[in-house]
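My entries follow in the order I looked things up.

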Amino acid sequence: MPRIRSLVTHIEIDVALKAHDCQGNANHRILRGNARLKVRNERGWDHYCLACAKVIIQRDIASLQGVAAQLDTGAVVQTETQLEV
Ligand SMILES: [Zn+2]
């Protein structure tokens, strides 16, 4: 039975063991002990502060809801802008 894959498999929330800059905004500092969002990339993990994490997640939810709405209405339009590289 084929497994249905998820689009969001590689994210976690953990606690920073040492202080470092947020990878979404170098002005954001993640302090030791702060919760942070971990996002898998090709080489390892990107880490974002919770403010950036909320923006990222809300944007992705909106994007997925947009796709779900397109599937619901059957309003599937092919444009070059939808092809992300
Ligand atoms: Zn940030």
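**Sheet and core**

I began with the strands of this predicted model: three of them form an open sheet in the order E1-E4-E5, with antiparallel pairing. E1 and E5 are at the edges with a single partner strand each, so one side of each has no neighbour in the sheet.

Next I took the pair E1 and E4. Strand E4 covers residues 35-40, runs antiparallel to E1 and is joined to E1 by five bridges.

Is E1 well covered or hardly covered? Strand E1, residues 11-15, is hardly covered, as the count of buried residues among its five residues is zero.

I then turned to Tyr48, which lies in strand E5, residues 45-48. Tyr48 counts as buried because 22 other C-beta atoms lie within 10 Å, and the cut-off for buried is 20 or more. Leaving out residues up to four places away in sequence, I found Tyr48 touching Leu37, Ala53 and Cys22, among others. Tyr48 and Leu37 are 11 residues apart in sequence, while their C-alpha atoms are 5.1 Å apart in space.

From Leu37, with the sequence neighbours up to four places away again left out, the contacts are Ile11, Ile13, Tyr48 and Ala53.

Last, I asked which residues make up the largest nonpolar core. The six are Cys22, Ile30, Leu37, Tyr48, Cys49 and Ala53.

Terms used:
Residues are numbered from 1 along each chain as its sequence is written. This is a predicted model: local features need pLDDT of at least 70, side-chain atom pairs count only at pLDDT 80 or more; totals for chains, interfaces and linings use all residues. A nonpolar core is a set of buried Ala, Val, Leu, Ile, Met, Phe, Trp, Tyr and Cys residues joined through C-beta atoms within 7 Å. A residue is buried if 20 or more other C-beta atoms lie within 10 Å of its own, exposed if 12 or fewer, and partly exposed in between; C-beta atoms are placed from the backbone. Two residues are in contact if their C-beta atoms, placed from the backbone, lie within 7 Å. Helices (H or I, at least four residues) and strands (E, at least two) are DSSP runs, numbered from the N terminus. Two strands pair if DSSP finds at least two bridges between them.
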